[in-house]
Amino acid sequence: MKTSQDPVRDYLSAVEREASALPADRRQELLADLAEHIEVTRAERPDAVIGEILAELGDPRTIAATALAESGSPAAPAPAPAWGGADDSVRRGKVHPLVPLLLLVLAQPAGMVFPDEGGSLIGGLLRITGAVLLCTSVHWTAGRKTVGVLLTFALPGVAMAVWNLADGGPTGAGPALAANLAALVLTAGTAAWLWRVRRA
(Lines give C-alpha, C1' and ligand atoms only; values in the text may rest on other atoms or scores of the structure.)
Protein backbone atom coordinates (compact mmCIF):
# COMPACT_ATOMS: atom_id res chain seq x y z
CA MET A 1 0.00 0.00 0.00
CA LYS A 2 1.39 3.38 -1.01
CA THR A 3 1.60 5.92 1.83
CA SER A 4 2.29 9.64 1.73
CA GLN A 5 4.82 11.51 3.81
CA ASP A 6 2.01 12.72 6.12
CA PRO A 7 0.85 9.94 8.47
CA VAL A 8 -1.87 12.17 9.97
CA ARG A 9 -3.39 12.76 6.54
CA ASP A 10 -3.17 9.02 5.80
CA TYR A 11 -4.84 8.23 9.12
CA LEU A 12 -7.68 10.72 8.64
CA SER A 13 -8.18 9.55 5.06
CA ALA A 14 -8.45 5.97 6.31
CA VAL A 15 -11.06 7.02 8.89
CA GLU A 16 -12.98 8.95 6.23
CA ARG A 17 -12.90 5.96 3.89
CA GLU A 18 -14.05 3.53 6.60
CA ALA A 19 -16.79 5.92 7.76
CA SER A 20 -18.18 6.56 4.28
CA ALA A 21 -21.59 5.17 5.39
CA LEU A 22 -21.92 8.00 7.94
CA PRO A 23 -23.89 11.12 6.98
CA ALA A 24 -21.49 13.73 5.56
CA ASP A 25 -21.94 16.19 8.45
CA ARG A 26 -21.31 13.52 11.10
CA ARG A 27 -18.30 12.23 9.17
CA GLN A 28 -16.79 15.73 8.95
CA GLU A 29 -17.45 16.27 12.67
CA LEU A 30 -15.67 13.00 13.46
CA LEU A 31 -12.67 13.96 11.32
CA ALA A 32 -12.52 17.43 12.87
CA ASP A 33 -12.61 15.92 16.38
CA LEU A 34 -9.79 13.52 15.53
CA ALA A 35 -7.67 16.23 13.89
CA GLU A 36 -8.17 18.50 16.92
CA HIS A 37 -7.25 15.69 19.31
CA ILE A 38 -4.07 14.96 17.34
CA GLU A 39 -3.14 18.65 17.26
CA VAL A 40 -3.72 19.10 21.02
CA THR A 41 -1.77 15.94 21.85
CA ARG A 42 1.15 17.04 19.67
CA ALA A 43 1.17 20.43 21.40
CA GLU A 44 1.06 18.84 24.87
CA ARG A 45 3.68 16.20 24.03
CA PRO A 46 6.00 17.71 21.41
CA ASP A 47 8.51 14.86 21.78
CA ALA A 48 5.90 12.14 21.12
CA VAL A 49 6.21 10.13 17.91
CA ILE A 50 3.20 10.70 15.65
CA GLY A 51 2.77 6.95 15.19
CA GLU A 52 2.36 6.57 18.95
CA ILE A 53 -0.31 9.29 19.05
CA LEU A 54 -2.20 7.65 16.18
CA ALA A 55 -1.91 4.23 17.83
CA GLU A 56 -3.41 5.68 21.03
CA LEU A 57 -6.40 6.93 19.04
CA GLY A 58 -7.05 3.44 17.69
CA ASP A 59 -7.62 1.74 14.36
CA PRO A 60 -9.54 3.81 11.75
CA ARG A 61 -11.88 0.88 11.09
CA THR A 62 -12.69 0.59 14.80
CA ILE A 63 -13.30 4.33 15.11
CA ALA A 64 -15.58 4.23 12.08
CA ALA A 65 -17.43 1.16 13.37
CA THR A 66 -18.02 2.87 16.71
CA ALA A 67 -19.27 6.06 15.04
CA LEU A 68 -21.54 4.02 12.76
CA ALA A 69 -22.93 2.05 15.71
CA GLU A 70 -23.57 5.24 17.69
CA SER A 71 -25.34 6.85 14.73
CA GLY A 72 -27.51 3.74 14.24
CA SER A 73 -26.19 3.05 10.73
CA PRO A 74 -26.81 -0.61 9.84
CA ALA A 75 -23.61 -1.22 7.85
CA ALA A 76 -21.00 -0.98 10.55
CA PRO A 77 -17.82 -2.77 9.44
CA ALA A 78 -16.17 -5.39 11.61
CA PRO A 79 -13.30 -4.08 13.74
CA ALA A 80 -9.74 -4.78 12.61
CA PRO A 81 -6.48 -4.92 14.56
CA ALA A 82 -5.48 -1.63 16.13
CA TRP A 83 -3.73 1.04 14.07
CA GLY A 84 -0.01 0.59 14.46
CA GLY A 85 -0.52 -2.59 16.51
CA ALA A 86 -0.11 -0.81 19.85
CA ASP A 87 -3.32 -2.13 21.39
CA ASP A 88 -4.86 -5.57 20.95
CA SER A 89 -8.28 -4.51 22.16
CA VAL A 90 -10.72 -3.51 19.45
CA ARG A 91 -13.98 -3.76 21.28
CA ARG A 92 -15.88 -0.70 22.46
CA GLY A 93 -15.93 -0.16 26.21
CA LYS A 94 -19.34 -0.89 27.67
CA VAL A 95 -18.64 1.14 30.80
CA HIS A 96 -18.30 4.91 30.58
CA PRO A 97 -14.71 5.94 31.39
CA LEU A 98 -15.93 8.16 34.23
CA VAL A 99 -17.28 5.16 36.20
CA PRO A 100 -13.97 3.54 37.25
CA LEU A 101 -12.47 6.96 38.01
CA LEU A 102 -15.38 7.92 40.26
CA LEU A 103 -15.25 4.58 42.07
CA LEU A 104 -11.52 4.98 42.73
CA VAL A 105 -11.90 8.56 43.97
CA LEU A 106 -14.97 7.86 46.15
CA ALA A 107 -13.29 4.90 47.86
CA GLN A 108 -11.16 7.13 50.11
CA PRO A 109 -13.99 9.41 51.37
CA ALA A 110 -16.15 6.34 52.09
CA GLY A 111 -13.57 5.11 54.57
CA MET A 112 -13.09 8.59 56.04
CA VAL A 113 -16.79 9.44 56.49
CA PHE A 114 -17.89 6.06 57.87
CA PRO A 115 -14.82 4.66 59.68
CA ASP A 116 -16.83 2.57 62.17
CA GLU A 117 -19.86 1.71 60.04
CA GLY A 118 -18.15 -0.49 57.45
CA GLY A 119 -16.66 2.43 55.54
CA SER A 120 -13.34 0.64 55.14
CA LEU A 121 -15.10 -2.37 53.61
CA ILE A 122 -17.19 -0.19 51.29
CA GLY A 123 -14.11 1.83 50.34
CA GLY A 124 -12.17 -1.36 49.64
CA LEU A 125 -14.94 -2.75 47.44
CA LEU A 126 -15.21 0.55 45.54
CA ARG A 127 -11.43 0.62 45.05
CA ILE A 128 -11.28 -3.00 43.81
CA THR A 129 -14.25 -2.52 41.45
CA GLY A 130 -12.78 0.72 40.09
CA ALA A 131 -9.37 -0.91 39.51
CA VAL A 132 -10.94 -3.89 37.70
CA LEU A 133 -13.03 -1.60 35.48
CA LEU A 134 -9.98 0.54 34.76
CA CYS A 135 -7.90 -2.52 33.81
CA THR A 136 -10.58 -3.90 31.48
CA SER A 137 -11.43 -0.56 29.85
CA VAL A 138 -10.53 0.23 26.25
CA HIS A 139 -10.27 3.95 26.98
CA TRP A 140 -6.61 3.86 28.07
CA THR A 141 -3.40 2.25 26.88
CA ALA A 142 -1.84 -0.53 28.95
CA GLY A 143 0.86 1.82 30.26
CA ARG A 144 -1.67 4.38 31.45
CA LYS A 145 -3.78 1.69 33.07
CA THR A 146 -0.69 0.46 34.96
CA VAL A 147 0.14 3.96 36.20
CA GLY A 148 -3.51 4.52 37.14
CA VAL A 149 -3.78 1.28 39.13
CA LEU A 150 -0.47 1.92 40.90
CA LEU A 151 -1.40 5.45 41.96
CA THR A 152 -5.10 4.95 42.76
CA PHE A 153 -5.15 1.38 44.08
CA ALA A 154 -1.76 -0.08 44.99
CA LEU A 155 -0.04 2.93 46.58
CA PRO A 156 -3.00 4.02 48.76
CA GLY A 157 -3.63 0.37 49.69
CA VAL A 158 -0.03 -0.17 50.80
CA ALA A 159 -0.04 3.12 52.70
CA MET A 160 -3.22 2.14 54.57
CA ALA A 161 -1.85 -1.33 55.34
CA VAL A 162 1.37 0.16 56.75
CA TRP A 163 -0.66 2.68 58.74
CA ASN A 164 -2.87 -0.07 60.22
CA LEU A 165 0.10 -2.34 61.01
CA ALA A 166 1.64 0.51 62.97
CA ASP A 167 -1.42 0.49 65.29
CA GLY A 168 -3.14 3.30 63.49
CA GLY A 169 -0.05 5.36 62.93
CA PRO A 170 0.82 8.35 65.10
CA THR A 171 -1.62 9.05 67.90
CA GLY A 172 -4.36 11.55 67.18
CA ALA A 173 -6.88 12.38 64.49
CA GLY A 174 -4.67 15.01 62.83
CA PRO A 175 -2.08 12.65 61.32
CA ALA A 176 -4.79 10.18 60.25
CA LEU A 177 -6.74 12.97 58.55
CA ALA A 178 -3.59 14.26 56.84
CA ALA A 179 -2.74 10.76 55.56
CA ASN A 180 -6.29 10.22 54.27
CA LEU A 181 -6.35 13.63 52.59
CA ALA A 182 -2.96 12.96 50.95
CA ALA A 183 -4.27 9.64 49.58
CA LEU A 184 -7.43 11.40 48.36
CA VAL A 185 -5.44 14.13 46.60
CA LEU A 186 -3.19 11.52 44.93
CA THR A 187 -6.19 9.47 43.78
CA ALA A 188 -8.17 12.49 42.55
CA GLY A 189 -5.14 13.89 40.72
CA THR A 190 -4.48 10.57 39.01
CA ALA A 191 -8.16 10.23 38.08
CA ALA A 192 -8.12 13.74 36.57
CA TRP A 193 -5.01 12.84 34.55
CA LEU A 194 -6.62 9.59 33.35
CA TRP A 195 -9.75 11.47 32.31
CA ARG A 196 -7.64 13.96 30.34
CA VAL A 197 -5.65 11.27 28.48
CA ARG A 198 -8.55 8.87 27.81
CA ARG A 199 -9.44 7.71 24.32
CA ALA A 200 -12.87 8.56 22.96
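Leu 150 is partly exposed, with a relative accessible area of 47%. On this scale, buried means under 20% relative accessible area, exposed means over 50%, and partly exposed lies in between (1.4 Å probe, protein chains only). The model is predicted: local features need pLDDT of at least 70, side-chain atom pairs count only at pLDDT 80 or more, and totals for chains, interfaces and linings use all residues. Residues are numbered from 1 along each chain as its sequence is written, and side-chain values use heavy atoms, with hydrogens and water left out.

**The chain as a whole**

The chain holds 8 helices and 0 strands. Helices (H or I, at least four residues) and strands (E, at least two) are DSSP runs, numbered from the N terminus. Of the 200 residues in the chain, 33% are buried. The accessible surface comes to about 11,500 Å², and carbon and sulfur atoms account for 64% of that. Such areas come from the Shrake-Rupley method with a 1.4 Å probe; for residues, only the protein chains shown count as cover. Contacts (heavy atoms within 4.5 Å) can also be sorted by sequence separation. Among those between residues at least 6 apart in sequence, 62% join residues at least 24 apart.

**Helix α7**

Leu 150 sits in helix α7, which covers residues 142-165. Leaving aside residues up to four places away in sequence, Leu 150 touches Leu 155 and Pro 156. Gly 157 also belongs to helix α7. Its relative accessible area is 26%, so Gly 157 counts as partly exposed.

| C-alpha pair | Separation along the chain | Distance |
|---|---|---|
| Leu 150 and Ala 131 | 19 residues | 9.4 Å |
| Gly 157 and Gly 124 | 33 residues | 8.7 Å |

**Helix α2**

Is Thr 41 buried or exposed? Thr 41 is buried, because its relative accessible area is 7%. This residue lies in helix α2, residues 24-44. The side chain of Thr 41 reaches the backbone oxygen of His 37 at 2.8 Å.

Leu 102 is part of helix α5, residues 98-113. Its relative accessibility is 43%, so Leu 102 counts as partly exposed. Together with Leu 98 and Leu 106, Leu 102 makes a nonpolar surface patch of about 250 Å². Patches are made of residues with over 30% relative accessible area and no salt bridge; like charges are joined within 9 Å, nonpolar side chains (Val, Leu, Ile, Met, Phe, Trp, Tyr) within 5 Å. A salt bridge is a side-chain nitrogen of Lys or Arg within 4 Å of a carboxyl oxygen of Asp or Glu.

Conventions: Polar contact = N/O pair within 3.5 Å; in protein donor to acceptor, adjacent residues only side chain to side chain.
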